[in-house]
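Please examine the structure shown below before reading on.

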Amino acid sequence: MFTLSDEERAIVEVVADFVDKEVRPVARDLEHADAYPAHLIDRMKGLGVFGLAVPEPYGDVGVSKTCYALVTEELARGWMTLAGAFGGHTVVSHLLAVYGTEEQKARYLPRMATGELRATMALTEPSGGSDLQAMGTTARRDGARYRVDGAKMWITNARTSGLIALMCKTDPAASPRHRGISILLVEKGPGLTVSRDLPKLGYKGVESCELSFDGYEAPLDAVLGGEEGRGFAQMMRGLEVGRIQVAARALGVGRAALEDSLRYAQQREAFGRPIWQHQSIGNYLADMATQLRAARLLTLDAAERLDAGERCDMEAGMAKLYASEAAMQIALNAVRIHGAAGYSTEFDVERYFRDAPLMIVGEGTNEIQRNVIVRQLVERHRVRGADRA
């Protein structure tokens with residue numbers, strides 16, 4: 001269960017070493033300055049991180065989703081921003097590998113594998129993100145091209161990405177609505193504006209932007225897979241990868257908070273003994289470790305199912321839901337264990353506390369995850385003759 005090849009174990013170890021030696025020593029200062037970590041991103045490119053979801057023959061280091069999740073955890077343990085810097089990129093890589101035409105794969109995947117070309121996805125709109133079928137961004141045929149109009153919001157890596165997997169309506173009148181949705185592979189050009197960077201509580205160092213499309217033109221062969229109307233189903237499968245990635249980010253943040261707390265609780269003394277020996281602090285640590293282990297098992301189970309070619313929207317939703325809530329609770333308990341030091345910017349604990357909420361609302365809110373889970377529960381355990389409404 002959850003086995004890695006020797007090569008995959010080596011990859012995880014190399015990334016862990018990179019995090020310990022190069023990321024953790026600089027993450028606090030970079031995060032407080034909200035500075036884009038260009039040198040760390042370049043190192044990730046050199047390590048092959050951006051190619052982890054790119055299969056052969058387009059990439060050299062395509063790995064299992066289990067390995068991918070563990071690499072994500074290591075990066076998030078150092079600084080969650082770095083895990084986010086390649087999150088959407090790997091979802092787009094997966095979408096292209098599974099659904100792209102041969103021409104689309106050949107055009108994008110080799111450059112994405114090296115990080116020369118970075119990618120992101122654009123789903124959320126200013127009017128909302130959970131109800132994707134209600135989106136207002138349209139791509140209408142105009143001769144031999146599409147004319148794209150609309151706006152997107154909270155698009156991570158929008159300025160640094162050269163490719164955007166844009167979810168839009170190619171048939172706004174379609175019924176049911178999802179049949180009118182397509183994914184366009186969009187490159188930057190006239191009519192596409194990255195309008196502003198949005199201020200955030202945490203997740204510093206990478207940009208999250210608003211995008212504006214005003215008469216942007218895309219060729220007809222920009223549709224993922226070459227056929228209109230399949231974008232909603234394609235993206236739902238892509239989000240299986242995305243939710244596993246977000247769950248793994250939560251693991252990294254939770255693990256960092258636990259490790260820092262374990263260290264502090266052994267070094268800090270109160271009433272003549274290390275504070276972990278006081279039952280209240282010891283109970284926090286026990287709960288944190290238990291939650292983290294349960295979250296990791298859920299995450300790796302979803303990754304393993306995806307590797308096996310199974311549908312795993314329920315399992316990925318469970319992993320994302322539980323891991324993100326666990327990371328938030330672990331980060332809060334870390335603040336409690338550290339006391340006043342946990343509220344100080346001279347310690348990393350306050351960063352974990354600010355980063356953790358992103359995983360609760362990102363890649364589909366946890367309220368939406370519960371909807372996904374219960375629908376799949378009922379679908380998989382349908383009572384004969386029960387109402388399907």
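D20 forms a salt bridge with R77, and the closest N and O atoms of the two residues are 3.0 Å apart. A salt bridge is defined here as a side-chain nitrogen of Lys or Arg within 4 Å of a carboxyl oxygen of Asp or Glu. The model is predicted, so local features need pLDDT of at least 70 and side-chain atom pairs count only at pLDDT 80 or more, whereas totals for chains, interfaces and linings use all residues. Residues are numbered from 1 along each chain as its sequence is written, and side-chain values use heavy atoms, with hydrogens and water left out.

**Salt bridges**

- Side chains of opposite charge can pair when their charged atoms come close.
- A search of the whole structure finds 33 salt bridges.
- Helices (H or I, at least four residues) and strands (E, at least two) are DSSP runs, numbered from the N terminus.
- D20 is partly exposed at 42% relative accessibility, whereas R77 is buried at 5%. Buried means under 20% relative accessible area, exposed means over 50%, and partly exposed lies in between, with a 1.4 Å probe and protein chains only.
- E125 forms a salt bridge with K152, with 3.0 Å between the closest N and O atoms. This pair also links distant parts of the chain: E125 is in the loop between β1 (119–122) and β2 (138–142), and K152 is in strand β3 (residues 145–156), 27 residues apart.
- E125 is buried, with a relative accessible area of 7%, and K152 is buried as well, with a value of 0%.
- E315 forms a salt bridge with R305, the closest N and O atoms being 3.8 Å apart. Because E315 lies in helix α9 (residues 313–338) and R305 in helix α8 (residues 279–307), the pair ties together parts that are ten residues apart in sequence.
- E315 counts as buried at 7% relative accessibility, while R305 counts as partly exposed at 29%.
- Salt bridges that share partners join D20, E73, E74, R77, R255, E259 and R296 into one network.

- Helix α5 (residues 87–99) has 13 residues and reaches 18 Å from its first C-alpha to its last, close to the 18 Å expected at 1.5 Å a residue. The expected span of a helix is 1.5 Å times one less than its number of residues.
- Ten of the 13 residues of α5 are buried, so this helix is largely enclosed by the rest of the structure. The buried residues of α5 are G87, G88, H89, T90, V91, V92, S93, H94, L95 and L96.
- H94 is located in helix α5 and is buried at 13% relative accessibility.
- Not counting residues up to four places away in sequence, H94 touches A53, K65, R237, G238 and V241. Contact means heavy atoms within 4.5 Å.
- H94 and R237 are 143 residues apart along the chain, yet their C-alpha atoms are separated by 9.2 Å.

**K204**

- K204 is placed in the loop between β6 (192–197) and β7 (208–219).
- Leaving aside neighbours within four places in sequence, K204 is in contact with E31, D34, W79, T81 and R354.
- From K204 to Y322 there are 118 residues in sequence and 24 Å in space, C-alpha to C-alpha.

**Cysteines**

- A disulfide is a covalent bond between the sulfur atoms of two cysteines. The rule used here is a pair of cysteine sulfur atoms within 2.5 Å.
- By this rule, the count is zero disulfides.
- C67 is in no disulfide, and the nearest cysteine sulfur, that of C312, is 17 Å away. C67 is buried, with a relative accessible area of 0%.
- C168 is likewise in no disulfide, with the nearest cysteine sulfur, that of C209, 19 Å away. C168 counts as buried at 0% relative accessibility.

**Surface patch**

- V374, L377 and V378 form a nonpolar patch on the surface, with about 210 Å² of accessible area together. Patches are made of residues with over 30% relative accessible area and no salt bridge, with like charges joined within 9 Å and nonpolar side chains (Val, Leu, Ile, Met, Phe, Trp, Tyr) within 5 Å. Accessible areas come from the Shrake-Rupley method with a 1.4 Å probe, and for residues only the protein chains shown count as cover.
- L377 is found in helix α11 (residues 366–380) and is partly exposed at 34% relative accessibility.
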